[in-house]
Amino acid sequence: AYSKGSRGRPDPLSGVLDLTRRARAPIWSRRGGRGAAGAMAGGLAGRAILVVGAGIGGLAAALALARRGARVRVIEQAPALTEVGAGLQIGPNAVAVLEALGVAEALAPLASAPPAVELRDFRHGALVARLPMGAAALARHGRPYWQFHRADLLGALAEAALAAGAGIETGARVTRVVQDGARVRVVTEA
């Protein structure tokens, strides 16, 4: 059985860098200092952020930023968020990120936790190696090794991003990005 919780581990998203800040004042340090969590918490409230692309990375970023108080808008060139791709393998570290994003609980019923991964010879089907997963991964890493369809992950991320206040606009193909000092302008097809 899978139970959520950090088991005393740090938040995997606490080291996310705010790339809109100037390099003169570091906002993240492994040795202490201000730390990203403090900089992110104070620096994102109300900040308008545009995310280009509603794939796994774009929706995960939008969700994390919206949960930290940013006003997030996601633009996607596809006319709709549809079922694309195939199966995904999600290791225990990635499950920790899904927990931090708040979507692990929604995804757990959709995931399968294989007992093992087997590597076989393509000619004869003979077993070359067997990597224990399932209970072994849960015992070793404190989190499961999951498999599920890409569309399930995208759906959970999109639903959570919308619930966190992010906007998602489809049919918006980016044609140009113009940087003017500290500002960036994104031009889309009409």
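**Burial and overall make-up**

I started with burial: 30% of the 190 residues in the protein chain count as buried (under 20% relative accessible area, with exposed over 50% and partly exposed in between; 1.4 Å probe, protein chains only). This is a predicted model, where local features need pLDDT of at least 70 and side-chain atom pairs count only at pLDDT 80 or more, while totals for chains, interfaces and linings use all residues. Residue numbers run from 1 along each chain as its sequence is written, and side-chain values use heavy atoms, with hydrogens and water left out.

I counted six helices and nine strands in the protein chain (DSSP runs numbered from the N terminus: helices are H or I, at least four residues; strands are E, at least two). Then I looked up contacts (heavy atoms within 4.5 Å): among those between residues at least 6 apart in sequence, 63% join residues at least 24 apart.

**Helix H2**

I went to H2 next, residues 56-67. Its 12 residues reach 16 Å from first C-alpha to last, close to the 16 Å expected at 1.5 Å a residue (the expected span is 1.5 Å times one less than the number of residues). Buried in H2 are Gly58, Leu59, Ala60, Ala62, Leu63, Ala64, Leu65 and Ala66. Just after the helix, Gly69 takes a positive phi of about 100°.

Ala60 counts as buried because its relative accessibility is 18%. Leaving aside neighbours within four places in sequence, Ala60 is in contact with Leu101 and Leu157. I also checked Ala60 against Leu153: 93 residues apart in sequence, 9.9 Å apart in space, C-alpha to C-alpha.

**The core**

The largest nonpolar core has 32 residues, and Val72, Leu98, Val103, Leu107, Trp146, Phe148 and Leu157 touch the most other members. (Such a core is a set of buried Ala, Val, Leu, Ile, Met, Phe, Trp, Tyr and Cys residues joined through side-chain atoms within 4.5 Å.) Elements giving two or more residues to this core include E1 (48-52), H2, E2 (71-76) and H6 (150-163). I followed Val72: not counting residues up to four places away in sequence, Val72 touches Ile49, Val51, Ala62, Leu65, Ala66, Gly165, Ala166 and Gly167.

**Strand E5**

Last, I looked at Val128, in strand E5 (residues 127-132). Val128 counts as exposed because its relative accessible area is 62%.
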